[in-house]
Amino acid sequence: NSESKHMSMRSHFCGLVTKESVEQTVTLCGWVNRRRDHGGVIFLDVRDKEGLVQVVCNPDDAAMFELASSLRNEFCVKITGRVVLRDAALVNPKLPTGEIEVVCKELEILNPSVTPPFQLDEENLSETTRLTHRVLDLRRPQMQHNMKLRYRTAMAIRKFLDANDFIDIETPMLTKSTPEGARDYLVPSRVHDGQFFALPQSPQLFKQMLMIAGYDRYYQIVKCFRDEDLRADRQPEFTQVDIETSFMSEQDIRGLFENMIRGVFKEVLNVELANPFPTMTYADAMHLYGSDKPDLRVPLQFTELTDVMKTVEFKVFNSAANLEDGRVVALRVPNGAEISRSEIDAYTQFVGIYGAKGLAYIKVNDVAAGRDGLQSPIVKNIPEANLNTILDRVGAVDGDIVFFGADKAKIVSEALGALRIKLGHDLNLLTCKWAPMWVVDFPMFDYDEEDKRWVACHHPFTSPKDEHLPLLATDPG
């Protein structure tokens, strides 16, 4: 019980004062979130790590009221007062403390504050403003929520792993460089001139030693460091849940950690995830979604049209369909015919980021009318029979829009895969908030020295589905 562990300066946390405390005298410590002067009565919203409570300062006590009049946002204060019920018309159902208020009897300013550069409940703050005033940013309820969420997640993981006989073993930060997916951060040695330690990209070397040494099940929630360009999901230092185990089959491992993920979501977010998680091969994921980590919340899928486009005279399609590693796919968007031409132009620019040379489309106004019911600059270049095959294969109905990708398979996958996600968010097509899945049977990877990247050893669309290839031990990055 957080309330029972309070510091001696206060009797309660602000956010934990409820109607059970009515008529009690409480002492609170926190920050003035807002001050409102309502014609001779001053109302304060006082905040601490547990939330807000409203404090009423009446003019009966002249000295206390004068002090309250000098308060401004972010003053740090100590308040002693009596808890009373609010009038029914003044109850705030949005706050846990919304049924009560504290009538101030004693007020002490622990620390004044200059005028803050922004209100803590202000939305749409720029990142520059937030980072310039990091201390104030960390006071914001959303940031405090995020910190607590991270802590509860780590604790849930630790409890699960402890219950399953894993032990937490700390491994060194200053270590030998090992070849992995990125450059190491190097730390010069004072004792050995000209030699360097490397900061770990992951505890790779040590976890192998621990498995060989017979520790069987170990884990760390550990800092890792990679000297590489920034990405949306990567920064130079990050925290990794690193888990190793011996003498378990792939099915055993997936079962164990699926239970862990499901348990963490239930404990931390009270979210029930699917049981079991759906499983998809790498080849199917790339074929249907253009990604090895498809977002299944978006219901859109690729439709393969490479075979249909091999004989059409439209060069954009037939040249891609006849490339050795070429591909032509369609992406049907239900009720997408209302997308404007300016929006289509914006989506064309978007797929250009991923190397696509354009974005062909067909708006389906009236399927029954055949070619005359379609709206698109490319319709005149595609024979009737091919058009009918396309519409039939994608399952087009009136009101749909069908986007096309035609290029090398890699460009089509990346461009149309990104467009699929963007359309899902832009058009509010997400079917749920969470959609976990397993992607299995990844191809083997080799490092291409010329392109400086990891590439699959075989074409993902031609691999036999029952071919079980080993997973790469480290992130191909």
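Biologist: Which residues have the most contacts inside the largest nonpolar core?

Modeller: A nonpolar core is a set of buried (under 20% relative accessible area, 1.4 Å probe, protein chains only) Ala, Val, Leu, Ile, Met, Phe, Trp, Tyr and Cys residues joined through side-chain atoms within 4.5 Å. In this predicted model the largest has 24 residues, and Leu-305, Met-309, Phe-317, Ile-378 and Phe-404 have the most contacts inside it. Local features here need pLDDT of at least 70 and side-chain atom pairs pLDDT 80 or more, whereas totals for chains, interfaces and linings use all residues. Residues are numbered from 1 along each chain, and side-chain values use heavy atoms, without hydrogens and water.

Biologist: Which elements give two or more residues to this core?

Modeller: Helices (H or I, at least four residues) and strands (E, at least two) are DSSP runs, numbered from the N terminus. The contributors are α8, α9, β13, β14, α11 and β16; α11 supplies the largest share, four residues.

Biologist: What is Phe-317 in contact with, beyond its neighbours within four places in sequence?

Modeller: Contact means heavy atoms within 4.5 Å. The partners of Phe-317 include Met-309, Val-328, Ile-378 and Phe-404. A second, separate core of 23 residues includes Leu-44, Val-55, Ala-68 and Val-77.

Biologist: In what order do the strands close into a barrel?

Modeller: Two strands pair if DSSP finds at least two bridges between them. Here five strands close in the order β1-β2-β3-β5-β4, with mixed pairing. Strands β3 and β5 run parallel, joined by two bridges; Val-55 has Val-102 in β5 as its bridge partner.

Notes
Buried means under 20% relative accessible area, exposed over 50%, partly exposed in between (1.4 Å probe, protein chains only).
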